[in-house]
Amino acid sequence: MKTIGVLTSGGDAPGMNAAVRAVVRTGLENDMRVVGIYNGYEGLMSGDVAEMNLRSVSNIVQRGGTVLRTARSMEFMTDRGQEKAADMCHRLGIEGVVVIGGDGSFRGAQALSRKGINCVGIPGTIDNDISCTDLTIGFDTAVNTVMQMVDMVRDTTESHSRCSVIEVMGRKAGYIALYSGIAVGATSILIPEFEYDFDIDVVERMKKTISTGKQHFIIIFAEGCGDATEMARQIERETGVESRATILGHVQRGGSPTVNDRVLASRMGNYATRLLRDDCSSRVVAIKNDTIVDYDIEEALQMEKEIDIDIYRMAHEISI
Ligand code: F6P
């Protein structure tokens, strides 16, 4: 009987549990043994694993976070750490591992595949910044959370005729900012992918809308663009509109996954496990035009994904 493991690695994302559940159930239904590996690659190196049965993953499809917990392991980045993990796999009889995480986790999966352990990656991160896939697990939930939070902030912003600069997650990726910005009708959306000019993209836009009668403003600011609090101060100085910064922070990574994330995670978990059943290795699962596909990890890591400038332009054209 083939034994496979499943782990979650890097920043957690809503929907990871639905993916774990799909891996466990698909594995068992296909006559494999499945072990859950705790704390990502850390747990793989130390052998922190538990045998999973059908009931081990009951009542988790709706839960945010990851029941397997997660970690970012420095040791596993080294060849020694990867050897240690491969040895542990041999000792525990683990022939294949499903790795749910981001790009960094896939590099680890690729290294482990080179050490003879079959690995398949599933993209799980709220940032949606994995090039090979249209969507990552957690993105839909995160943007919906941001939308709800900003709708709430807007109530008080409007009452006080203020400007709210709202910082959302995304150190290098502006997907959360762009999509939530469209959904909430932000006056300006600032993302790390495109350089912005404070005077043109913020001050002038605000002044233009003030001249048409607008009295409150929402600016969506991806964390990779700098300091939201400083931007709020600058806006107040330049426009005279009282301004506040709201940093949404880790609330964006939690919460019950949306239907889209649960379904995406279930499809990807099922597909990844079937790849391991068929002895595939060093693959990443992705969704393209609503079809689940897979790529070689190396190829996937080299792909580039650009944020759609037309969507960005559209957002600015209509939010005025
Ligand atoms: O999960 C992705 C992400 O949320 C980024 O947007 C953010 O910059 C980062 O993780 C923060 O993660 P942590 O606080 O766990 O280091």
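Mentor: We'll talk through charges, then side-chain contacts, then a few loop residues.

Trainee: Is this predicted or experimental?
Mentor: This is a predicted model.

Trainee: OK, charges. How many salt bridges are there in the whole structure?
Mentor: A search of the whole structure gives 16 salt bridges.

Trainee: Pick one. What does K115 pair with?
Mentor: K115 makes a salt bridge with E83. Their closest N and O atoms are 3.0 Å apart.

Trainee: Which residues are linked in a network with K115?
Mentor: D79, E83 and K115 are linked in a network of salt bridges.

Trainee: Next pair. What does R114 meet?
Mentor: R114 meets E298 in a salt bridge, at 3.2 Å from N to O. E298 lies in helix α10 (residues 297–302) and R114 in helix α4, so this pair ties together parts that are 184 residues apart in sequence.

Trainee: Is R114 buried or exposed?
Mentor: R114 is exposed, because its relative accessible area is 63% and the cut-off for exposed is over 50%.

Trainee: How exposed is D310?
Mentor: D310 has a relative accessible area of 49%, so D310 is partly exposed. Exposed would need over 50%.

Trainee: Now the surface. Which residues gather in a patch of negative charge?
Mentor: D197, D199, E204 and E238 do, on the surface.

Trainee: Where is D199?
Mentor: D199 is in helix α7 (residues 198–211). At 41% relative accessibility, D199 counts as partly exposed.

Trainee: Switching topic. What does the side chain of S188 reach?
Mentor: The backbone oxygen of D201, at 2.4 Å.

Trainee: Where does S188 sit, and is S188 buried or exposed?
Mentor: S188 is in strand β7 (residues 188–190). Its relative accessible area is 0%, so S188 is buried.

Trainee: What about T239? Which backbone atoms does its side chain contact?
Mentor: Two come up. A polar atom of the T239 side chain lies 2.6 Å from the backbone oxygen of I235. The T239 side chain also reaches the backbone nitrogen of V241, at 3.1 Å.

Trainee: Where is T239 found?
Mentor: In helix α8 (residues 228–239).

Trainee: Why does T239 count as buried at 18%?
Mentor: Buried means under 20% relative accessible area. T239 has 18% relative accessibility, so T239 counts as buried.

Trainee: Let's do loops. Where is A186?
Mentor: A186 lies in the loop between α6 (175–184) and β7. A186 is buried, with a relative accessible area of 1%.

Trainee: How far apart are A186 and F221?
Mentor: In sequence, 35 residues. In space, 9.9 Å, C-alpha to C-alpha.

Trainee: Where is N128, and is N128 buried or exposed?
Mentor: N128 is in the loop between β5 and α5 (139–159). At 3% relative accessibility, N128 counts as buried.

Trainee: What is the phi of S282?
Mentor: Near 60 degrees, again a positive value in a residue other than glycine. S282 is in the loop between α9 (259–277) and β10 (283–288). Its relative accessible area is 14%, so S282 is buried.

Conventions. Residues are numbered from 1 along each chain as its sequence is written. This is a predicted model: local features need pLDDT of at least 70, side-chain atom pairs count only at pLDDT 80 or more; totals for chains, interfaces and linings use all residues. Side-chain values use heavy atoms; hydrogens and water are left out. Patches are made of residues with over 30% relative accessible area and no salt bridge: like charges are joined within 9 Å, nonpolar side chains (Val, Leu, Ile, Met, Phe, Trp, Tyr) within 5 Å. Accessible areas come from the Shrake-Rupley method with a 1.4 Å probe; for residues, only the protein chains shown count as cover. A salt bridge is a side-chain nitrogen of Lys or Arg within 4 Å of a carboxyl oxygen of Asp or Glu. Lys and Arg count as positive and Asp and Glu as negative; His and the chain ends are not counted. The place of a charge is taken as NZ of Lys, CZ of Arg, CG of Asp or CD of Glu. Helices (H or I, at least four residues) and strands (E, at least two) are DSSP runs, numbered from the N terminus. Buried means under 20% relative accessible area, exposed over 50%, partly exposed in between (1.4 Å probe, protein chains only). A polar contact is a pair of N or O atoms within 3.5 Å; within protein, one must be able to donate a hydrogen and the other to accept it, and residues adjacent in sequence count only if both atoms are side-chain atoms.
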